[in-house]
Amino acid sequence: MNFFGFVITLSVWVMSAVAHLPVAPPKVVLVPLGKLSAEKIKATEAMVRTYVPQVRVLPLEKMPAEAYYAPRKRYRADRLISILQKRAGAGEVYVGLTEKDISTTKGKVADWGVMGLGYKPGRGCVASTFRVKDKRNFPKVVVHEFGHTMGLPHCAGAGCLMQDAEGRDKLAGLNGFCSSCSRYLRGKGWKI
């Protein structure tokens, strides 16, 4: 075998070995923004911890003034994410939690109210209790948006947490991840 053959063989072997290494799940940093009850924070932390082991909760912070959208008296979710992900280090995802009304641009609607927003993939997302009917379901919104940061799109699977809300609160019928989303997240180091 000549030198180039050796280099190619070695490269293939290294890539194969690396592809089989376990993937470390992200470190999640929960950032309570504005006013949020300790009960909601603890319930959210508990649910996120069922999927990833490294979860840290920061002390309550003020809502960033630069994210406020005065015409509708609410906060822009995209601006909140921009602020949060600037703080995220390698392997971290910053998740904003709030009771305040949040919004984003959706199609031709310049300011569409949402329960949460997460970019796929991304290092930050935000979730709000404002539009959640049964506040006990709020952690599901958080996990949904966190799923987007891992690269998951919306899913049509029955009961899957990655279903699109389509402007409604469907959280009561969502119970976990479908087999396809579960398989994908396991590949990202999640415990599913």
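Modeller: Helices (H or I, at least four residues) and strands (E, at least two) are DSSP runs, numbered from the N terminus. In these terms the protein has 5 helices and 9 strands, and from the N terminus on its elements run α-β-α-β-β-β-α-β-β-β-β-β-α-α. The model is predicted, so that local features need pLDDT of at least 70 and side-chain atom pairs count only at pLDDT 80 or more, while totals for chains, interfaces and linings use all residues. Residues are numbered from 1 along each chain as its sequence is written, and side-chain values use heavy atoms, with hydrogens and water left out.

I turn to the rings. A pair of aromatic rings is described by the distance of the centres and the angle of the planes. Here, rings of Phe, Tyr and Trp (its six-membered ring) pair if their centres lie within 6.5 Å; planes under 30 degrees apart count as stacked, over 60 as edge-to-face and the rest as tilted. The structure holds 5 aromatic pairs. One of them joins Y68 and Y75, which are edge-to-face, with 5.1 Å centre to centre and 65° between the planes. For burial, the classes are buried (under 20% relative accessible area), exposed (over 50%) and partly exposed in between, with a 1.4 Å probe and protein chains only. Y68 counts as partly exposed because its relative accessibility is 34%, whereas Y75 is buried, with a relative accessible area of 14%.

The rings of F146 and W190 form a stacked pair, because their centres are 4.8 Å apart and their planes stand at 25°. This pair links distant parts of the chain: F146 belongs to helix 4 (residues 138-149) and W190 to the segment after helix 5 (179-187), 44 residues apart. Both F146 and W190 are buried. Ring pairs also link F146 and W190 with Y51 and F177 into a cluster.

A further ring has a charged neighbour. R76 lies over the face of Y69, at 5.9 Å from the ring centre; the rule asks for NZ of Lys or CZ of Arg within 6 Å of the ring centre and within 35 degrees of the ring normal.

T44 is buried, with a relative accessible area of 0%. Not counting residues up to four places away in sequence, T44 touches L30, L97, F138, P139 and V142, where contact means heavy atoms within 4.5 Å. Over the protein, residues 24 or more positions apart account for 67% of the contacts with a separation of 6 or more. Buried residues make up 45% of the 192 residues.

The cysteines complete the account. A disulfide is a pair of cysteine sulfur atoms within 2.5 Å, and by this rule the count comes to 0 disulfides. The sulfur of C155 has its closest cysteine sulfur in C178, at 3.6 Å, which is too far for a bond. Likewise, the sulfur of C160 is 3.8 Å from the closest cysteine sulfur, in C181, too far for a bond. C155 is buried at a relative accessible area of 18%, and C160 counts as buried at 0% relative accessibility.
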